[in-house]
Protein chains: 2
Amino acid sequence: MKSLEDVAKLAKVSTATVSRALSRPDMVAEETRKRILAAVEELGYQPNRLARSLRQRSSRSLGLIITDILNPFHATVAKGVQDAAEKHDYTVFLFNTDEDPEKERRALNVLRGHLPQGLLIVPTPRTRENLKLVANLPTIELDRESGTPGAHSVMVDNIGGARAAIEHLTALGHRRIGMIVGRLDITTAVERHQGYRDGLAAAGIPYREELVLPGNHREEGGRIAAHALLSRPPGERPTALFVGNNEMTVGAVLAARELGLRIPQDLSIVGFDDSRWARTMQPALSVVAQPEYDIGFLACETLLSLLRHGKAMQPVRIRLATNLIVRDSTAPPGHISQP
Amino acid sequence: MKSLEDVAKLAKVSTATVSRALSRPDMVAEETRKRILAAVEELGYQPNRLARSLRQRSSRSLGLIITDILNPFHATVAKGVQDAAEKHDYTVFLFNTDEDPEKERRALNVLRGHLPQGLLIVPTPRTRENLKLVANLPTIELDRESGTPGAHSVMVDNIGGARAAIEHLTALGHRRIGMIVGRLDITTAVERHQGYRDGLAAAGIPYREELVLPGNHREEGGRIAAHALLSRPPGERPTALFVGNNEMTVGAVLAARELGLRIPQDLSIVGFDDSRWARTMQPALSVVAQPEYDIGFLACETLLSLLRHGKAMQPVRIRLATNLIVRDSTAPPGHISQP
DNA sequence: TTGAAAGCGCTAACAA
DNA sequence: TTGTTAGCGCTTTCAA
């Protein structure tokens with residue numbers, strides 16, 4: 001690796017001048033600058049970011065901690081973050097927690113050593129505690145909230161989205177609507193559950209606990225919960241299912257198939273979170289779509305602007321709208337009599 | 001941030017001793033070490049990795065450059081890499097090129113400034129040239145080859161996988177088998193094409209150029225190519241399609257649907273690369289599965305072992321086996337007469 | 001507009 | 001076994 005000194009020698013100036021030529025060009029004479037840039041070019045010089053960061057006591061980098069890189073939702077969020085960061089010449093350190101608070105803790109500790117300027121994080125249930133490891137690091141929470149007082153966040157309108165899904169179903173005439181909710185220690189699940197209740201209330205349908213089952217946010221959890229709900233006696237079985245995230249929706253669809261229920265004739269399904277899978281499934285799935293990419297992009301832009309303008313601001317809490325996309329998995333109930 | 005000096009003061013030793021206590025514990029007296037660790041604990045000290053790396057002139061980090069984080073194949077490879085890296089306490093810098101050589105160049109330049117110890121890269125068509133930016137950086141190519149002489153690589157047996165797919169189809173009785181091949185400037189596409197030819201040859205079926213169409217590795221490219229192949233006159237239309245990657249397979253299935261072709265009655269399809277989509281599609285898709293996770297994990301392990309044992313070794317070229325999974329998208333041709 | 005010099009936090013000779 | 005010291009490559013006073 002070439003260093004500033006190599007460039008300085010070649011351009012016959014001091015290292016200080018080279019440094020200025022690169023980071024504050026207006027402080028260097030036109031003439032000198034040209035000479036320096038030529039030398040940089042000739043040597044293929046790239047600044048050593050470690051040295052720069054060490055000296056400046058902060059690096060042009062951000063941490064990004066997500067819970068599941070294999071989930072297309074998170075992968076897309078990550079892409080939004082990366083694109084925004086790259087635009088501003090920031091490097092992103094990506095960590096994956098698999099929803100494991102212990103992995104999150106480790107990630108935060110490693111991250112700390114890299115002196116990032118800020119952090120974007122999809123919280124786990126212990127994030128509030130873990131964030132103490134990086135106190136004072138400007139942080140934005142994505143998708144969910146950790147409950148940290150004064151935290152910034154970028155989320156979607158989960159309540160409104162869930163409510164829209166339920167209103168769509170009640171408008172079709174469904175009265176017995178089941179929900180596969182996520183883990184109730186994750187705010188998105190709680191909010192979507194709230195939207196479900198609101199939607200029922202708006203249609204004057206009483207809330208029935210036995211129609212709501214938790215799932216672990218994975219395909220298998222959705223499958224098991226759906227099996228339980230759909231195995232209820234004929235008159236008790238939900239005619240429609242609202243599923244709290246993309247992975248569990250896959251499980252629910254598989255369960256319906258295993259039980260020989262046709263969608264939408266025997267069962268209507270609305271999932272949360274769109275995906276190619278939902279789009280190309282047969283029948284194509286009605287879903288509450290989220291602006292995943294925007295969540296990441298906007299969160300990153302917001303964080304960077306927080307960094308620029310000092311962080312003595314009010315907490316930023318952004319809620320993006322969701323979008324109900326009606327496809328072919330929803331129809332009036334009893335379209336064809338139940339088996 | 002606390003520094004070594006803070007710890008040293010608290011433990012009443014020199015910074016050098018603290019440094020040793022942390023990185024070479026056996027060089028420090030039991031007694032002293034305990035005192036130091038207590039101080040570390042009390043202060044919540046985390047080493048500044050920038051300073052350490054600057055001093056050691058190399059950081060405990062690796063670069064990972066993939067072409068499309070939104071493609072589950074790549075996301076899974078990335079996860080394999082991350083898991084292996086984490087196991088050895090390495091940090092991964094992840095960059096995404098979107099198959100754009102210019103973005104790749106920028107990524108390499110930024111990466112360079114972070115002094116990574118090694119690089120894992122899914123090449124683009126200009127990687128061979130771009131890699132000059134990081135000459136001497138131990139590098140392993142994943143999934144594809146850039147053509148750099150002496151390069152290390154971890155790939156799958158594309159020829160064998162494709163051949164197995166074709167043999168499966170010919171065994172079912174297909175004679176007119178179309179292929180949607182990828183971009184021929186990417187080695188995987190070339191190899192899968194070769195496997196296709198080999199498979200045909202093994203069954204004594206002549207190769208027909210007009211049955212092979214390129215695609216751009218995206219869903220839309222697959223759709224367009226499939227449309228063209230499947231719109232041929234009845235007696236000329238392929239009875240089976242072999243598609244060169246996961247994204248294009250989605251497009252091919254959509255095209256078949258648009259044309260009213262039933263799978264597998266009217267058309268058999270085999271895709272390359274498994275996915276949840278392929279598994280839960282109806283009919284479930286027959287595919288050549290790749291060990292995505294293992295590609296990443298093994299490549300990372302290999303890179304780290306290269307780093308440990310010096311790099312004066314022979315080029316490492318690992319080929320992992322693929323696995324033909326027969327599901328419901330393949331059947332004998334003319335099962336039901338063509339429309 | 002430029003240069004000299006100090007120092008970011010750490011590690012690694014070398015000395016004790 | 002421990003401490004002293006120099007220095008990784010850069011930025012940033014301060015002085016010229």
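Colleague: By class, how many nonpolar, polar and charged residues does the surface near DNA strand D have?
Modeller: This is a predicted model, in which local features need pLDDT of at least 70, side-chain atom pairs count only at pLDDT 80 or more, and totals for chains, interfaces and linings use all residues. Residues are numbered from 1 along each chain as its sequence is written, chains are lettered from A and ligands numbered from 1 in the order in which they are written, and side-chain values use heavy atoms, leaving out hydrogens and water. Here Ala, Val, Leu, Ile, Met, Phe, Trp, Tyr, Cys and Pro count as nonpolar, Asp, Glu, Lys and Arg as charged, and the others, Gly among them, as polar. With those classes, the surface near DNA strand D has 11 nonpolar, seven polar and six charged residues.

Colleague: Which residues are the closest to DNA strand D?
Modeller: A residue is near a strand if one of its heavy atoms lies within 4 Å of it. In this model 24 residues surround DNA strand D, and the closest are Leu4(A), Tyr45(A), Arg55(A), Thr32(B) and Arg57(B).

Colleague: How far is a phosphate oxygen of DNA strand D from a polar backbone atom of Leu4(A)?
Modeller: A polar contact is a pair of N or O atoms within 3.5 Å; within protein, one must be able to donate a hydrogen and the other to accept it, and residues adjacent in sequence count only if both atoms are side-chain atoms. On DNA strand D, a phosphate oxygen is 3.1 Å from a polar backbone atom of Asn48(A), and one is 2.6 Å from a side-chain N or O atom of Thr17(B). For the polar backbone atom of Leu4(A), the distance is 2.3 Å.

Colleague: Which element gives the most to the surface near DNA strand D?
Modeller: Helices (H or I, at least four residues) and strands (E, at least two) are DSSP runs, numbered from the N terminus. The one that gives the most, with four residues, is H4(A).

Colleague: And which element gives the most to the surface near DNA strand C?
Modeller: H2 and H4 of chain A, together with H2 and H4 of chain B, each supply at least two residues there. With four residues, the top contributor to the surface near DNA strand C is H4(B).

Colleague: How far is a base nitrogen of DNA strand C from an N or O atom in the side chain of Arg20(A)?
Modeller: Phosphate oxygens of DNA strand C lie 2.3 Å from a side-chain N or O atom of Thr32(A) and 2.4 Å from a polar side-chain atom of Tyr45(B). For the base nitrogen and Arg20(A), the distance is 2.8 Å.
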